[in-house]
Amino acid sequence: MAVTDDQYWIALKWVEGVGNVGFKSLIEAFGSPRQVFAAPLSLLKTVPGIGEQTARQIKDFSNWEKVEKEMAFAQRTGVSLVTSRDPLYPRQLASIYDNPAYLYVKGSLKEDDLNIAFVGSRMASAHGLFTTERLCRELALRGATIVSGMARGIDSAAHRGALAGRGRTIAVLGCGLDIVYPPENEKLSNDIAASGAVLSEFPFGTQPSAPNFPARNRIISGLSLGVVVVEAGEKSGSLITARIALEQGREVFAVPGSIDVSGSRGANRLIKQGAKLIENIDDILEEILPQTGRPAATANADPSAHETAGRGEKHPSPPDILLTKNEKVLWQLLSQKPVHIDQIITASGWTVPDVLSCLLNLELKGAVEQKPGKYYMRKEL
């Protein structure tokens, strides 16, 4: 049987004793899983975190038939394997200590997703659900991608809000992708995959057991630039996600709740401990900006002339280093007179999420300004 590269990735992760950190050490030492399996025992056991016992497990691995069935099932169900060496593997996630060696993905990942996570109570109040949907809808309309865990309550509301805003959303599961949990979210899961991605690090057939959820939560925060907590009780799992987010160097936000409601005590405590209080999406975006790693346009940037499509006007362009190719295309469709979002979408020929995401990046770089009524214009530089 000819073994593919993807099968080697799966097989190495399935070797007893090889966790995410050990996997990373092996790849750094040998270059690829295929080369790990080809390496002699004497070299394998010298890798940090890989002792003689684990090295022998690698050399003795024989469950290739099960690996082949795993890949065949993925192909039949439209699931992709995105490894940590894949250009589409999320950069934010790759930066955490114990990032998954690979992800099972149904849907699509994008290199330039600006991810913001929402977590909270499974037994949320009507007000909490409404607030979450509203914030996520507005963030999606600004081009952000909403990340959550597709659980009941706040998670589901976050995904619904993003979909209502015609934006992208990513669901991270604590089970295999062949299992919909909770089962009533089957339609939501399909909708998320159609406009974003449903992903997991767990093999097919993995049940949603309690130990899986802290592992899932580190991916939710690891994917994201910031984590928003809505309606968390004092012992809520969302507080674990917030703690992990802080350890990963992410921003933590919290929506305040009534002091008389037990389900708000966790979020309120986070605010007392330094999480940023959220009243609107601008409170989130102004903290996310410094994390983008993209320089803002400056007043003394060297101007050059560009003609606005269909208007014959000339305006200064930000230096090339500031904008990606797509951002330049969209920037040149605008002028110093407000243009409605529908006109921008029509002129670009792009999908709605792509236009919104690009406009948000341009806003963060200081090249575009949004006006009331979903109008956009070039910003004075």
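# Reading a predicted model: sheets, helices and spaces

Modeller: The lining of the second largest pocket draws at least two residues from each of strand 3, helix 11 and helix 12 (237–247). This is a predicted model.

Colleague: Which helix gives the most to the lining of the second largest pocket?

Modeller: The general idea first: rolling a probe the size of a water molecule over the atoms shows where empty space is left. In this structure, the second largest pocket holds about 340 Å³ of space. Its lining comprises 22 residues, and those closest to its centre are Gly120, Arg122, Ser236, Gly237 and Ser238. Helix 11 makes the greatest contribution to this lining, with five residues.

Colleague: How many cavities of 30 Å³ or more does a search of the whole structure find, and which residues line the largest cavity?

Modeller: The search returns three such cavities. The largest cavity has a volume of about 50 Å³, and its lining consists of Arg122, Gly149, Met150, Ala151, Leu173, Gly174, Tyr181, Pro182, Phe213 and Arg216. The peptide bond that joins Tyr181 to Pro182 is cis, with omega near -5°, and Pro182 is placed in the loop between strand 5 (169–172) and helix 10 (186–195). Met150 has a positive phi of about 60° although it is not a glycine; its place is the loop between strand 4 (145–148) and helix 9 (154–164).

Colleague: Is Met150 buried or exposed?

Modeller: Buried means under 20% relative accessible area. Met150 counts as buried because its relative accessibility is 0%. Arg166 also has a positive phi, near 55°, and is a residue other than glycine. Arg166 lies in the loop between helix 9 and strand 5, and at 47% relative accessibility it counts as partly exposed.

Colleague: Where does Asn217 lie, and with which residues is Asn217 in contact, leaving aside its neighbours within four places in sequence?

Modeller: Asn217 belongs to helix 11 (residues 212–223). With a relative accessible area of 7%, Asn217 is buried. Beyond its neighbours within four places in sequence, Asn217 is in contact with Gly237, Thr241 and Ile244.

Colleague: What are the buried residues of helix 15, and within what arc do they fall?

Modeller: An α-helix has 3.6 residues a turn, so residues three or four places apart point the same way. In helix 15 (residues 325–333), the buried residues are Glu327, Leu330, Trp331 and Leu333. Viewed down the axis of helix 15, these buried residues fall within an arc of 155°, so they line one face of the helix.

Colleague: What is the order of the open sheet of nine strands, and which strands stand at the edges?

Modeller: Strands of a sheet pair through backbone hydrogen bonds, either parallel or antiparallel. Here the nine strands follow the order 1-2-6-5-4-3-7-8-9, and the pairing is mixed. The edges are strand 1 (80–83) and strand 9 (276–277); each has a single partner strand, so one side of each is left without a neighbour in the sheet. Within this sheet, strand 3 (residues 115–120) and strand 7 (residues 226–230) pair in the parallel sense over five bridges, and Val119 stands opposite Val229 in strand 7.

Colleague: Which strands does helix 1 lie across, and which does helix 13 lie across?

Modeller: Helix 1 (residues 5–14) lies across strand 1 and strand 2 (102–107), at about 125° to strand 2. Helix 13 (residues 265–272) lies across strand 7, strand 8 (251–255) and strand 9, and runs at about 130° to strand 8.

Colleague: In what order do three strands form an open sheet?

Modeller: The order is 12-14-13, with antiparallel pairing. Strand 12 (339–340) and strand 13 are at the edges, each with a single partner strand, so one side of each is left without a neighbour in the sheet. Helix 17 (residues 352–364) packs on the sheet, touching strand 13 and strand 14, and its direction makes about 110° with that of strand 13.

Colleague: How many residues lie between strand 13 and strand 14?

Modeller: Three residues separate the two strands of this hairpin, and Gly373 in the turn has a positive phi of about 85°. Strand 13 (residues 368–371) pairs with strand 14 (residues 375–378) in the antiparallel sense over four bridges. Val368 has Arg378 as its bridge partner in strand 14, while Gln370 stands opposite Tyr376.

Terms used: Residues are numbered from 1 along each chain as its sequence is written. This is a predicted model: local features need pLDDT of at least 70, side-chain atom pairs count only at pLDDT 80 or more; totals for chains, interfaces and linings use all residues. Side-chain values use heavy atoms; hydrogens and water are left out. Two strands pair if DSSP finds at least two bridges between them. Buried means under 20% relative accessible area, exposed over 50%, partly exposed in between (1.4 Å probe, protein chains only). Contact means heavy atoms within 4.5 Å. The arc is that of the directions from the helix axis to the C-beta atoms. Axes are lines fitted to C-alpha atoms, for helices over the stretch in contact, and angles run from 0 to 180 degrees between N-to-C directions. On a 1 Å grid over the protein atoms alone, a cavity is a set of points where a 1.4 Å probe fits but cannot get out, and a pocket is an open set with protein on both sides within 12 Å along at least five of seven lines; lining residues have an atom within 4 Å of a point. Grid points are joined across faces, edges and corners, and a volume is the space filled by probe spheres set on the points.
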